[in-house]
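Trainee: I would like to learn how to read a protein model, one feature at a time. Could you take me through the one we have here?

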Amino acid sequence: MQALWMLVASAMFAVMGSFVKLGTEHGASLPQIVLFRGLPSVILLLLWARAARQSIVPTSWKLHLWRNVSGVSSMWLGFFAIAHLPLATATSLNYTAPLFIACWMLGWGGTQRDPVRIASVALGFLGVITVLRPSITDDQWLAALLGLCAGAMSAVAMLQIRQLGRIGEPEWRTVLFFSVGVCLSSAIGLLLEGWGRADLEGYLALLGVGAAGLFGQLAMTRAFGHGSALLTAALQYTTIIFAALIGMGVWNDHLDTLAWMGMGLIILAGLLSVWRTMRDPAGA
């Protein structure tokens, strides 16, 4: 049953990505999209915390700060990539976080340089190169590089989330403070860029971003909280497959054999990295 929750989460995140792309096509600004992604979670979690009489005072302000800096940066960069790249390509780049974590472990994490981690890094970045080759046009390289940076920043955020879990911070409070950080960053963006010129379809897409993102977050939290951590982490890569199918169905994205091979290599590398990390938690 928990595997089903992760599949629901993956589908919701792919749908959220499609709404991000659709919103930008209909005049929504990036700060608007970020605001609608974070605001529903803030409202819902604050209402729940009040009803359940839960304290919102964090265990560690410092860890939340670094988690927000990295996580919010990753969200902005990832949304920019989704807006300017084929949906499956942008999603693949956003899901390279385990590869960067493996690189950190090999270089500075004090872990053994075992063949599995080395293979996962090599396969993963070979997959990135395969995805980016001729399918990326000259005006898309900036978005592709920022999408890869989103994966790197997401890796930093994951490490901070791991530390928050180790000190006993509940998942809902971590999500709450992240969502608050998302809303604050969007407010700064709106002050600098303005509200945007979204039409009716653009506003419907913005509502879709908030709804799909919220349901995806809740489903993923339940899956990680009650299911097999390894299976759940593996199933999150189905987001790439869902995104590819949506991209082909809505935007007529045509993925050639090399692009599919590249996405497959990224998925395989991520699975290897996740499996090796969970087999050796002391070195993670």
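Mentor: Let us begin with a term: helices (H or I, at least four residues) and strands (E, at least two) are DSSP runs, numbered from the N terminus. In this structure, helix α1 covers residues 2–25, and L7 is found in it. Please keep in mind that this is a predicted model, in which local features need pLDDT of at least 70 and side-chain atom pairs count only at pLDDT 80 or more, while totals for chains, interfaces and linings use all residues. Residues are numbered from 1 along each chain as its sequence is written, and side-chain values use heavy atoms, with hydrogens and water left out.

Trainee: Is L7 buried, partly exposed or exposed?

Mentor: Buried means under 20% relative accessible area, exposed means over 50%, and partly exposed is in between, using a 1.4 Å probe and protein chains only. L7 counts as partly exposed, because its relative accessibility is 31%.

Trainee: Which residues make the nonpolar surface patch with L7?

Mentor: Patches are made of residues with over 30% relative accessible area and no salt bridge, where like charges are joined within 9 Å and nonpolar side chains (Val, Leu, Ile, Met, Phe, Trp, Tyr) within 5 Å. Accessible areas come from the Shrake-Rupley method with a 1.4 Å probe, and for residues only the protein chains shown count as cover. Here L4, W5, L7 and V8 make a nonpolar surface patch of about 300 Å².

Trainee: How should I read a nonpolar core?

Mentor: In soluble globular proteins, nonpolar side chains tend to be buried together. A nonpolar core is a set of buried Ala, Val, Leu, Ile, Met, Phe, Trp, Tyr and Cys residues joined through side-chain atoms within 4.5 Å. The largest one has 50 residues, of which I33, F79, L85, L93 and M263 touch the most other members. Apart from it lies another core, of 5 residues, including A49, W172, V175 and L176.

Trainee: What is M263 in contact with, leaving aside its neighbours within four places in sequence?

Mentor: Contact means heavy atoms within 4.5 Å. With those neighbours left aside, M263 is in contact with A88, S92, V131, I240, A244 and L255. S29 counts as buried, because its relative accessibility is 6%.

Trainee: How many disulfides does a search of the whole structure find?

Mentor: A disulfide is a covalent bond between the sulfur atoms of two cysteines, and the test used is a pair of cysteine sulfur atoms within 2.5 Å. The search of the whole structure finds 0 disulfides. Take C149 as a case: its sulfur is too far for a bond, because the closest cysteine sulfur, in C103, is 14 Å away.

Trainee: Which residue forms a salt bridge with E169?

Mentor: Side chains of opposite charge can pair when their charged atoms come close. A salt bridge is a side-chain nitrogen of Lys or Arg within 4 Å of a carboxyl oxygen of Asp or Glu. The structure holds 1 salt bridge, and E169 forms a salt bridge with R173, with the closest N and O atoms 2.7 Å apart. Both E169 and R173 are buried.

Trainee: What is the phi of R53, and where is R53 found?

Mentor: Phi of R53 is near 55°, a positive value in a residue other than glycine, and R53 is found in the loop between α2 and α3 (61–84).
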